[in-house]
Amino acid sequence: MASKPDIRAGDLAMTVTNGLRVRSRPEVSDVSTKYEPTLSWGTRLAIEEGPVAGSGYWWCRVRLIDQT
């Protein structure tokens, strides 16, 4: 697993890739719902919680920042 990201609750973030998957839980499993659509490059997010380790990845609970 990669080293723990240097982000925390209250930070703002932006996606730097297309097709970023958002899940309901910090894990890759059948109990973690895959949300659609995936996020595109440049999507602005507010970090609500995390990061926490799960399924070999670091996860954060995020909120989409209104882009209107």
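Start with Met14: its bridge partner in β4 is Arg44. Before you go further, know that this is a predicted model, where local features need pLDDT of at least 70 and side-chain atom pairs count only at pLDDT 80 or more, while totals for chains, interfaces and linings use all residues. Residues are numbered from 1 along each chain as its sequence is written, and side-chain values use heavy atoms, with hydrogens and water left out.

**The sheet**

Now colour strand β1 (residues 12–14) and strand β4 (residues 44–54): they run antiparallel and are joined by 3 bridges. A word on terms: strands (E, at least two residues) and helices (H or I, at least four) are DSSP runs numbered from the N terminus, and two strands pair if DSSP finds at least two bridges between them.

Glu49 has Arg61 in β5 as its bridge partner, Ile47 has Val62, and Leu45 stands opposite Leu64.

Zoom out and you have an open sheet of 3 strands in the order β1-β4-β5, with antiparallel pairing. Why is one side of β1 and of β5 left without a neighbour in the sheet? Both strands stand at the edges, each with a single partner strand, so one side of each has no neighbour there. Neighbouring strands of this sheet are turned by 55° against each other on average, direction ignored; the angles are taken between N-to-C directions, on a scale from 0 to 180 degrees, using axes that are lines fitted to C-alpha atoms (for helices, over the stretch in contact).

**The hairpin turn**

Next, select Ser55, in the loop between β4 and β5. The hairpin of these strands has 2 residues between them. Most residues other than glycine have a negative phi, and most peptide bonds are trans. Ser55 counts as partly exposed, because its relative accessibility is 41%; on this scale buried is under 20% relative accessible area, exposed is over 50%, and partly exposed is in between (1.4 Å probe, protein chains only).

**Two cis peptide bonds**

Stay with the backbone. Go to Glu36 and Pro37, where the peptide bond is cis with omega near -5°; Pro37 is in strand β3. Then jump to Gly50 and Pro51, joined by a cis peptide bond with omega near 5°. Pro51 lies in strand β4.

**Two loops to inspect**

Select Asn18, in the loop between β1 and β2 (20–23). Buried or exposed? Asn18 counts as exposed, since its relative accessibility is 56%. Show its surroundings: leaving aside neighbours within four places in sequence, Asn18 is in contact (heavy atoms within 4.5 Å) with Leu39, Ser40 and Trp41. Leu39 is 21 residues from Asn18 in sequence, yet their C-alpha atoms are 6.3 Å apart. Where does the side chain of Asn18 reach? To the backbone nitrogen of Trp41, at 2.8 Å.

Move on to Thr43, in the loop between β3 (34–39) and β4. Thr43 is buried, as its relative accessible area is 7%. A polar atom of its side chain lies 2.7 Å from the backbone oxygen of Ser40.

**The largest pocket**

Finish by selecting Leu20, Arg21, Trp59, Cys60 and Val62, which lie nearest the centre of the largest pocket among its 31 lining residues. A pocket here is an open set of points on a 1 Å grid over the protein atoms alone, where a 1.4 Å probe fits, with protein on both sides within 12 Å along at least five of seven lines; lining residues have an atom within 4 Å of a point. Which strand gives the largest share of the lining? That is β5, with 8 residues. Colour by strand to see the rest: β1, β2, β3, β4 and β5 each supply at least two lining residues.

Note on methods
Polar contact = N/O pair within 3.5 Å; in protein donor to acceptor, adjacent residues only side chain to side chain.
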